[in-house]
Structure formats: structure tokens, C-alpha cells
Amino acid sequence: MAARDWAVKKAASKILGPDERLVASCMANLPGTLKREGYYAALQNVVGIRFVDVAADGGLPPKMNVAVTDRRLLLFEQSMLGRAKDLVAEIPIAQIAGARVTESGRAQVTVKVHNFVLTFAGGTDLALESADKGGVTNLVGAINGRVRH
């Protein structure tokens, strides 16, 4: 587990299965131009996703911690301090077709935001962004190293 995984360590430890290990994680936000309710609706059609705790308005939280284990992808709501709180969704790694860093990015104040996409087996994409370039790179690499191409 990398030093940057401190934010999900406690929350993940409560839900990891026997012999399951955390591989990579990063803090992520839904892109500001898209409605989180739209993502939630699109993801409801992905086989194998188990939504645990969605926002009161039925959407994904705007700030999340994304983690990949050797078995699944986990989405946690992010606390004000950046730590993972409640598990929002869990997706078996078999339902992930891949992940990629996209070319587009933008500077937000003085922080470079890096965009990335998780693609599910049925073709649904979940676009996310993060200020943690290393975390995004580790997460995308960990996912792509575990999915069947």
C-alpha cells in the first residue's frame, strides 16, 4: 500500500474480505460540468455494481475516494478532511473493462486537475478528476493490470 492510501486505509479495512488487499487509491471528484444524478442513473445499468450509500438526492457524492483492491473497485464518500467515509459502491473487477487518463485537464486556481475515465464491461464510462496525478496513475495502472482485455 502506498503512502497516499492513508485516506482509505481505515474505511477499506472494515470491508475487505479475507486475503483481499488494497492495491491503489486516489481522491476524485465528479467533473463540475456534469450532474452527479446522471452518473448514478447510468451506473445503475452496470451489472454487478452494489450501491451502498448514495446521497440523499439519489446521486453520487461530488467528492470521493476511489480504491482498487485485488478483487474490486470501491467508491467511498470523502470527508471534509479528505478521508474515506461511507462506502458508496462496490464493483467486481470483472465488471471493469479498463481505465485511462484522458488528455484533457485544467488548472483550477493553482492546482492541475487530471481527468480519468473508468470504463465498465457494458461500455458505460464514469469520468472523474483528481488533483493527485500520481494517485490517478497508480489507480489506472492497478485497474488495467487486473482486468481482462
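The chain has three helices and eight strands. The model is predicted.

Trainee: In what order do the elements of the chain run from the N terminus on?

Mentor: They follow the pattern α-β-α-β-β-β-β-β-β-β-α. As for burial, 44% of the 149 residues count as buried.

Trainee: Why is R72 called buried?

Mentor: The relative accessibility of R72 is 14%. Buried means under 20%, so R72 counts as buried. R72 belongs to strand β4, which spans residues 72-78.

Trainee: What makes the pairing of the side chains of R72 and E20 a polar contact?

Mentor: The distance given for this pair is 2.8 Å. A polar contact requires N or O atoms within 3.5 Å, one able to donate a hydrogen and the other to accept it, and the pair of R72 and E20 is listed as such a contact. The side chain of R72 also reaches the backbone oxygen of I15, at 2.6 Å.

Trainee: Which residues is R72 in contact with, leaving aside its neighbours within four places in sequence?

Mentor: They are I15, L16, G17, E20, A67, E90, I91, P92 and I93.

Trainee: Why is A11 counted as buried?

Mentor: Its relative accessibility is 10%. The cut-off for buried is under 20%, and A11 therefore counts as buried. A11 is placed in helix α1.

Trainee: Which residues line the second largest pocket?

Mentor: The lining consists of W6, A7, K10, A11, K14, I15, F76, R83, A84, K85, D86 and L87. Helix α1 (6-13) and strand β5 (84-92) each supply at least two residues of this lining. The space in the pocket is about 150 Å³.

Trainee: How many residues of each class does that lining have?

Mentor: By class, there are seven nonpolar, no polar and five charged residues.

Trainee: Which members of the largest nonpolar core touch the most other members?

Mentor: Of its 27 residues, these are F116, L118, L128 and I143. Helix α3 (133-144) is one of the elements that each supply at least two residues of this core. The largest share, five residues, comes from α3. I143 touches V68, L73, I96, G98, A99 and L118, residues up to four places away in sequence not being counted. Another core, of nine residues, lies apart from the largest one, and includes L22, L74, F76 and A84.

Trainee: Why is D19 called exposed?

Mentor: Its relative accessibility is 73%. Exposed means over 50%, so D19 counts as exposed. D19 lies in the loop between α1 and β1.

Trainee: What is the phi of D19?

Mentor: Phi of D19 is near 65°, a positive value in a residue other than glycine. Most residues other than glycine have a negative phi.

Definitions and conventions:
Residues numbered from 1 in each chain as written. Predicted model: local features only at pLDDT ≥ 70, side-chain atom pairs only at ≥ 80, totals over all residues. Heavy atoms only, no water. Helix = DSSP H or I, 4+ residues; strand = E, 2+ residues; numbered from the N terminus. Buried < 20%, exposed > 50% of the residue type's maximum accessible area, 1.4 Å probe, protein only. Contact = heavy atoms within 4.5 Å. 1 Å grid on protein atoms, 1.4 Å probe; cavity = no way out; pocket = protein on both sides within 12 Å on 5 of 7 lines; lining within 4 Å. Points joined across faces, edges and corners; volume = space filled by probe spheres on them. Nonpolar A, V, L, I, M, F, W, Y, C, P; charged D, E, K, R; others polar. Core = buried A, V, L, I, M, F, W, Y, C linked by side-chain atoms within 4.5 Å.
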